[in-house]
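Here's a quick tour of a model you can follow on screen. Keep the viewer open as you read.

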Amino acid sequence: MTDQFTTPISTDVTMDYLSMVAAKETRQGFSGWVIPAEKSLEVFDTLNKKQGYDFLSSVTGVDNFPDPTIEVVYHLFKSTGGGPLVLRVVVDRDDPVVPSLVQLYKGAEFQEREIWDLFGVHFSGHPDLRRILLWEGFDGHPLRKDWKEPFYEEDVKPYKSRWPEGKADLIEKKNPFEDNVQFPQGFTPTNWTATGESALIDEVFVPDDKEALDTDQLIINLGPQHPSTHGVFRMLAATEGEKIVGLKPVVGYLHRNHEKIGERNTFLQNMPYTDRLDYISSMSNNFGYAITVEKLMGIVPPERAEYLRVMMAELTRISSHIMATGFLLNDLGAYFTPSLYSLEERELILDIFEEVSGSRMMCNYFRFGGVVRDVTPEVMKKVHDLVTDRLPRKIDEIDRYLTGNEIVKVRTQGVGVLTDEQAINDSITGPILRASGVPYDIRRADPYSIYERLNFDVITKTHGDVYDRYLVRLEEMRQSLRILDQVLDHIPEGPIMTGKPVYQVRVPAGEAYGRVEGPKGELGFYVVSDGKPNPKRYHVRAPSFINLTGLERMCVGGKIADTVAIVGSIDMVLGEVDR
Amino acid sequence: MIGFGILKGLAVTLKRFFQTYLVTNKLGKKHFNSPEGIQSRYDAKTEGIFTIQYPEEKQVLPEEFRFIPFLIYTLNPAGEKEFRCTACGICAKVCPPQCIWIMRKTDPETGKPSPHPAMFTIDIDICMNCGLCAEYCPFDAIKMDHDYELSTLNREKNLYSMEQLGKSIDYYAKIRPDNYRREEEARAAKKQPVTN
């Protein structure tokens, strides 16, 4: 089963074409093709338009320090399913310039901005190459291996100061306020004016139609503290009257450089950190990270562990979708009633997580090669009661309560429409993509774990509006219950872990891209190991972050009030967007 | 008919509204501030009022609940605390946010390191409650606690010393009976071949 993940499934035509224009990757443990930077646009154009690789899932960088190169790694997929096509462009570390792919794949827009921000790779031809996660005055590009944070201790954990001569001190004494920031040279905070702000406003403004009546555009700022934005998320909208003509999201208020932390950590230490990405569905995050590192290590968890993993992932999906449904209504102005109804069901699911893993939200339940502990028969009974009795009843109740409601229909039908082509081009995944009519579900398109053996339908709707996204989530909860039914029927007895639990796992050198169908969309982890106890590169392809690429398309032409509904229907979690 | 969907939805809320009173009426005084009342709100069949009225009522903590590690000690016949910790440093090495500091004791006679901690500190402001230390401790010396009411007025108190971290084995047996039993059985099984 692991082979299916590691070997890219490509048609011969693609291979023939690539062998003409690109060089095969030769390093042990790596796969894919290296394309020269100047040919990159042409190659991607052919792959996109002629070979069917229309879905650019992940773009990320790898710093090869002390080698003087930086790689930009692309993971391409077909929207009809199948494995990845890994392409990389290797550029000089001192002056990295790579052609931007935004013209071909709009989904690259935010990801390229992120690479510019964190690696300092310049994307020529990018329409809006500003920093995205950090502020404009930030000194340096933090994911470069030679960049060090203020009060840098060591390159990798465990830190030597902890044992055997560990003497603790309060952290604020080591890291005093006002001294814990770095500035670029010649920077004085008091004299600084935010240049990024005016660039942002320029970006939002849409050139006037000279023929029409002379009107002024008004810039409206929503957030970062706004009750409808589900966290610290900011939008800048240019409006003409009531109509939105331009919109840009601003993210990064919750940025903590998860990936840098991840590269300092050992492989296992990253597991609890993944909980903090999308904190609504931590079990799914654990799942993605676990299968990625397992791919690198070449191990497969035992059967019972696979069933437990799927059980937890599907329970997570239900809890996340039911909450998304409730809070969408909250955004539509239904106040707290629907969201509290859905939170009740979520609480019962969290009770199960707490009993199994020890924590309601920060589960940290998965390990490489299995799960932490077995599920007791009492908990199994609880899951059984929920799945067979309560949840179907409650999902039907929500259906009865909201689906036919005329106000909900008027507010959501035809709002935030995204066509199938646009959705694929924007690299949008999850319920939003399926609501636009693309039957793309990684559990079916590129199966992992035991999903191949389970019966369930991929739900699609055709309109691609907010109402359809709500319907897709509702139906997916029912499908998850179907999966859970099968899991509960067939779960075998047996071990829950391959080998002995070890805290220092041996990960051979190589790269792996693992992805799961999280509740929000495709959650991918790209991990590069160089054989050391810490990952050389640890990248998270965060679904809610990339789904935001489509926000502008969805909002333009609508009203400000529709924006709130659209943001609710994207169902983003800022812990994952900002990382 | 326009409006029918809204009415159908409102019937759901109306049903819920009456249900809260019906359920509370049925259970009577037992519904609040009693163990069975709290337990009823965990049940898959529960309807009506859902919330646990903290701090008057408290959540029922499952055995595996984890919050801030503690160190297990046993009392020796002289009444002194004997920590199980051998200062091997695995917990400090596995800790993801690196919030554990251990200073190993040195034998005053030989000058060599002895398997006891001289100092063991956890900064609970940094601790992320992941439970990896307890999971990988080979001596069952560090375990996760159930006590979550830790607020203080002074942050300096959150640097827990060995004194504050130490809790007796009886406390551990009380909060995690199943784990305790399992570990004691494993210990006994390990000792068996040596005595034979």
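This is a predicted model: local features need pLDDT of at least 70, side-chain atom pairs count only at pLDDT 80 or more; totals for chains, interfaces and linings use all residues.

For chain A, pLDDT averages 86, with 96% of the residues at 70 or more.

## Where the chains meet

Chain A brings 43 residues to the contact, and chain B brings 44. On the chain A side, the elements giving two or more residues are α8 (270-275), α11 (337-357), α12 (377-403) and α13 (406-412). The largest share comes from α12(A), with nine residues.

Sorted by class, that side of chain A has 18 nonpolar residues, 15 charged and ten polar.

## A closer look at α12(A)

So what does α12(A) look like? It has 27 residues and runs 36 Å from its first C-alpha to its last, close to the 39 Å expected at 1.5 Å a residue. It isn't straight, though: there's a kink of about 40° centred on A:L386.

A:L386 is also one of the helix's buried residues. Others on that list include A:K382, A:V383, A:V387, A:L391 and A:I395, and towards the other end A:I398, A:Y401 and A:L402. Within chain A, the buried residues of α12(A) pack against α10 (303-334), α11, α13 and α17 (466-490). They also pack against α1 (4-27) of chain B.

Definitions and conventions:
Residues are numbered from 1 along each chain as its sequence is written. Chains are lettered from A and ligands numbered from 1 in the order in which they are written. Two residues are in contact if their C-beta atoms, placed from the backbone, lie within 7 Å. Helices (H or I, at least four residues) and strands (E, at least two) are DSSP runs, numbered from the N terminus. Ala, Val, Leu, Ile, Met, Phe, Trp, Tyr, Cys and Pro count as nonpolar, Asp, Glu, Lys and Arg as charged, and the others, Gly among them, as polar. The expected span of a helix is 1.5 Å times one less than its number of residues. The bend at a residue is the angle between axes fitted to the seven residues ending there and the seven starting there. A residue is buried if 20 or more other C-beta atoms lie within 10 Å of its own, exposed if 12 or fewer, and partly exposed in between; C-beta atoms are placed from the backbone. pLDDT is the predictor's confidence in each residue, from 0 to 100.
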